[in-house]
Amino acid sequence: MSINLDIRPTAGRIGAEIKGINLSGDLDDFAINAIRKALVKYKVIFFRQQNLDADGQIRFARRFGELTTAHPTLPPLVERPEVLDLDYGRTATRSNEWHTDVTFVDRPPLGSILRAVEIPPVGGDTIWANTVTAYQDLPAHLQTLANGLWAVHTNAYDYVKPAVTLNEATKAYHQVFTSTVYETLHPVVRVHPESGERGLFIGGFVRQIRDLSTSESTALVQLLQSYVTRPENTVRWRWQVGDVAFWDNRATQHYAIYDYDGQPRRVQRVTIAGDRPISIDGKFSQAIKGDASAYLPQAV
Ligand SMILES: O=C(O)CCC(=O)C(=O)O
Ligand SMILES: [Fe+2]
C-alpha cells in the first residue's frame with residue numbers, strides 16, 4: 001500500500017508544501033515513507049500551521065531516525081535535550097549567514113525539523129538553497145575541479161565582522177559556540193546517500209580548501225558558493241506560527257533573514273543524526289579535532 005500526499009512545489013527547483021496532513025496525529029509507515037521521499041526529492045518540505053508542541057515535534061522527528069542532542073556546543077531547551085531553542089528577538093543567536101548545519105563534525109545532521117513558535121508580523125523569512133542543482137549548474141570544467149577538492153570545516157571559523165564591533169551578548173554567544181573546537185575534512189562534492197545525487201557540500205563553516213592558500217581557497221569557495229545562492233536554486237518561506245519546515249541537510253544550505261530588528265522571533269529545532277559524507281571516489285569524511293560523541297547517537 002502507498003499513500004498519495006498532496007504535494008505543492010513552492011519553487012521550480014526546491015521546496016514543496018505538503019497539505020492535508022496532521023503531524024501530531026498517528027502517522028503510519030506509509031505516510032512516513034512518503035514524507036521521506038518528498039524530503040529527498042524537494043529538499044525542504046513545509047507543513048502549514050500544525051499544532052505540534054515540542055514533544056510532538058520530537059515524536060515526529062524520531063520516525064526518521066535517531067536524534068542528536070540539540071547542538072554540539074549550544075545548550076538545549078530546559079528538560080528537552082533534543083530541542084534547540086532559537087529565540088532571536090531576545091538573544092544574540094543569529095543564523096543570517098548561508099550554512100549547512102553542524103558540518104564541523106564528521107557526521108553532520110541528516111536533517112532538521114523547525115517549528116515556528118513566535119514570528120514577527122513581517123520579516124524573519126528563511127531561505128533554503130539546493131546544493132545539487134548548484135553543482136549541476138557548474139560548467140563541466142568547474143565540476144571536474146570541484147570533484148577532487150576537500151575542505152576543512154570548523155565551528156571556530158573567522159567572523160566576517162571584526163571582534164571589536166561585536167557587542168557583549170554576541171561575544172558571549174560566540175564563546176559558547178566555540179567552547180569546544182571541532183574540525184572535520186569533508187569532500188567538496190558529496191554523494192547523497194539516498195538519491196545518489198552529487199551536491200556541493202560547503203557552507204558557512206568551511207575554513208580552508210585543502211592544499212590551497214587562504215586567498216585561493218577563499219576565492220574558490222566564493223565562486224562555488226555563488227552557484228548555491230543563485231536565486232534559481234532557492235526557495236523562501238514566509239512563516240506563520242505553527243508552521244513546520246523539514247530540510248535535508250545533506251543537499252541544502254539555509255539562511256535565516258534578520259530584518260525584524262529587535263522584535264520577537266522564536267523557532268525550535270529538532271535534529272536527525274546523519275551519516276558520514278562520502279566523496280565521488282568513495283572516500284569518507286574525517287574528523288580532525290573535537291569529539292562529537294556526546295552530540296551524536298552511537299555510530300552504527
Ligand atoms: O531560524 C531559522 O529560520 C533557521 C535557523 C537555523 O539556521 C537552523 O535552525 O538551523
Ligand atoms: Fe541552521
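This short talk covers the two ligand sites in this predicted model.

Some ground rules. Residues count from 1 along each chain as its sequence is written, chains are lettered from A and ligands numbered from 1 in the order written. Local features need pLDDT of at least 70, side-chain atom pairs need 80 or more, totals for chains, interfaces and linings use all residues, and side-chain values use heavy atoms, without hydrogens or water.

Start with the iron ion, ligand 2. Which residues hold its protein donors? H99 (NE2), D101 (OD) and H254 (NE2), lying 2.1 Å from it. Donors are N, O and S atoms within 2.8 Å of the metal (3.2 Å for Na, K and Ca); water is not among the atoms, so sites may look incomplete. Along the chain the spacing reads H-x1-D-x152-H. H99 and H254 link distant parts of the chain, 155 residues apart. H99 sits in the loop between β4 (83-87) and β5 (111-118), H254 in strand β14. Strands are DSSP runs (E, at least two residues), numbered from the N terminus.

Now ligand 1. 13 residues surround it, each with a heavy atom within 4 Å. Among the closest are H99, R265 and R269. For D101, a polar side-chain atom lies 3.1 Å from a ligand oxygen. The cut-off for such polar contacts is 3.5 Å between N or O atoms.

Key: Polar contact = N/O pair within 3.5 Å; in protein donor to acceptor, adjacent residues only side chain to side chain. Helix = DSSP H or I, 4+ residues; strand = E, 2+ residues; numbered from the N terminus.
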